[in-house]
There are 2 protein chains.
Amino acid sequence: MIKIGILGCGTIGGGVIRLLESKGVEIQQKMDNQIEIKKVLARTPDKARAIGVPEEKITQDPDDIINDPEIQIVVELIGGIDTAKDFISRAIKAGKNVVTANKDLIARHGNELYKLANEKNIDLYYEASVGGGIPIIMPMRRTLAGNSILSMIGILNGTTNYMLTRMSKEGMSYDAVLKEAQDLGFAEQDPTSDVDGLDAGRKITILAKLAFNADVSDLDVRCEGIRGVRQRDIVLAKDLGYTIKLLAVAKDKEEGIELGVYPSFIPERHPLAAVSDAYNALYVTGDAVGDVMLYGLGAGAMPTASSVVGDIMQIARHIKAESTGIGNDLRVFDKQVLPAEKTVYSYYVCMTVDDKPNVLSAIAKGFGDHNVSIQSVVQKHTTDNWAELVLITHDVEKKDIDAALKTIGELPEVGRVDNVLRVMNDL
Amino acid sequence: MIKIGILGCGTIGGGVIRLLESKGVEIQQKMDNQIEIKKVLARTPDKARAIGVPEEKITQDPDDIINDPEIQIVVELIGGIDTAKDFISRAIKAGKNVVTANKDLIARHGNELYKLANEKNIDLYYEASVGGGIPIIMPMRRTLAGNSILSMIGILNGTTNYMLTRMSKEGMSYDAVLKEAQDLGFAEQDPTSDVDGLDAGRKITILAKLAFNADVSDLDVRCEGIRGVRQRDIVLAKDLGYTIKLLAVAKDKEEGIELGVYPSFIPERHPLAAVSDAYNALYVTGDAVGDVMLYGLGAGAMPTASSVVGDIMQIARHIKAESTGIGNDLRVFDKQVLPAEKTVYSYYVCMTVDDKPNVLSAIAKGFGDHNVSIQSVVQKHTTDNWAELVLITHDVEKKDIDAALKTIGELPEVGRVDNVLRVMNDL
């Protein structure tokens, strides 16, 4: 019998409690051991009562869990950074194993907590912090352990993927689809964390720590969100054989680690292009395994609970075998994050220009003077002597594309640069 | 230091040896432990020499590995059933942990070997036996352990997926694409195991054992291959919004387990439809997690070696913590395999019929009399007073569709039934 304490009884906490209760018999058969929820920390006790937690198990004092010598696994589901960090640190110091779904905390302070966990020889598991129910952390840590991970590209935020899917399939504007997502409860009233790429940035940080053993935090990630994606960009992307997705990118390069979240063109034939609606996916490239994709629901009470319960069961096995802490990675490398200006991508540039014969040569010269070579150009005629010019560059350093766009923006023939987005060709 | 012995030095064995050698430092850093290859069983010693295995490590006597008290992990990569079973059984009885990539053996005798492994409290790992480098076994066993797995649908054979992709994209015939695959070395000179679905059947058997804890073997799987898939079927499928894939299916139903491999229509918008060329994928539905897809290269020396090395590293951790055997599932349920006639699918039927007004009603009556209701019908005119009739049924039991097709085949208006394929609509 393994006794656990659950900190937090909101949506995810409720899901975990329901799953553990409904699967009690199966779990016992699978493991030859029982998992008992001894205490649940509920800020609002009525919520715990509503899902059937018995009165004697409900507490409002975290110390009832952290200091209970019988509790061997603490499950942190309160979210946020400071309080959760305090609770988890104290639980680890008290010798308890920890399961958390807290991406904000692990992205910001993961390595500090991993170090603490190593010192105390306990398990700190966080499968649910990235990709909800999708098996990602465990496969990366275990099955792919013989690989050097070269790159990871993920669709790691369900809200923005839902929004981009609607914009693509229904021809809706960004504003209309945001309002719809908010009305349906898919997007927060303050959507910053989703639409500005911060949530995806936290998840790719956790993966970069894990895959590259790098000491990075979410503050190292360059996050560009989807606020600037126009319906017109989506239409132009389609014409060129691409889909626009919000991609979280981590690459382990000799010059440093590239960490970013960017709304990007991705070829329609790529498996990530088929990841629609609220689904998430991570596309991993390892030096031995080649390309692997892990796909599923990145949020929701029961998918997230599935990952939390998987972690609890795994730790319960380790407790029984007195082998907690065996899976912990022991090394952290001091790797640099690549400066933004040195990152290399291909770019889509849409601009409004004079509809005159000499324009293209002036623009081509502006790019060429800054080492930016052009892969393709399409000119679409619009009205009033203005034309829409759409071009895709070859791979260039960011400092070069930035300098080129500055020069070109100042040309008298160029009305305005409408949008610039990265193009992921070499996936 | 963990010493291992490798049985077999062919393509996969060579890949494993190369990967372990090239990643020695990284593995040591990750685990704070070393893995040393002590002996390699090579039927052709020159092969082992060619990849740099030192002379003193090469043996032609399996007992040099199985009976070496220093060797703690035996890696079986010789393939086939009887000899491999003998070697693995003896290794387990000698107290050694085992890693195998042998799908034929695990599909046929897995439960017997698992039982033996449980008795001796050792790890028997087989990640590479299904889906090559794709993390499948470990995520199912661990991350998704809190779920009841409801169904699994996989593209588990790279050769046939490559062939169907070429037939679909290039308009090639089955015969032409098989010859091409054979010339390129993707298909064997005797392609039976691939094109008749046997290879995919073995893999779905292993997954059904794991996910449903069922005592099944590959002999329980209904395998229908792709020999009968015509270029015309692929064209008609596209017209109707489908792609044809060879799908391995396992469902845990109240009435019994459904286990089969079928060339099937799958909606173009489904993620499995985007799995092209030699890639494999498994689409799993769990009661908590919902839908998850695991995608990657299902074969090849290095992808397969990636999974084998992941297993070796995991076992090495267990050996160090003296906790081998902790992850073994302990239960096997006595579940029935659903008889073929009781399986329920929707079907595509293509037939050549008289081009006369009364034909459709006669055919519709033939289906209706056997409880088969029609979802859609398209009639295409061809030549010489014959028309091509393409219809898709609603879900029906196999005994009903078989009876209906028998009746219809005997109608004077029906020239012939050209093809019948399952349609996977409710994914």
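Start by selecting R49(B) and E55(B), whose side chains form a salt bridge with an N to O distance of 2.8 Å. The model on screen is predicted. R49(B) is partly exposed, at a relative accessible area of 38%. E55(B) is partly exposed too, at 46%.

Next, go to chain A and select R230(A) and D233(A). Their side chains meet in a salt bridge, 2.7 Å from N to O. D233(A) has a relative accessible area of 0% and is buried, because buried means under 20%.

Now select E388(A) and R232(A). A salt bridge joins these two side chains, at 2.4 Å from N to O. To see what the pair connects, colour two elements of chain A: strand β15, residues 386-393, which holds E388(A), and helix α12, residues 231-239, which holds R232(A). The pair therefore ties together parts that are 156 residues apart in sequence. E388(A) is buried, with a relative accessible area of 9%, while R232(A) is partly exposed at 34%.

For the next stop, stay in chain A and select K3(A), K38(A), D68(A) and E70(A) together. Salt bridges link these four residues in a network. Why might such side chains pair? Side chains of opposite charge can pair when their charged atoms come close.

Finally, show the whole structure again.

Conventions:
Residues are numbered from 1 along each chain as its sequence is written. Chains are lettered from A and ligands numbered from 1 in the order in which they are written. This is a predicted model: local features need pLDDT of at least 70, side-chain atom pairs count only at pLDDT 80 or more; totals for chains, interfaces and linings use all residues. Side-chain values use heavy atoms; hydrogens and water are left out. Buried means under 20% relative accessible area, exposed over 50%, partly exposed in between (1.4 Å probe, protein chains only). Helices (H or I, at least four residues) and strands (E, at least two) are DSSP runs, numbered from the N terminus.
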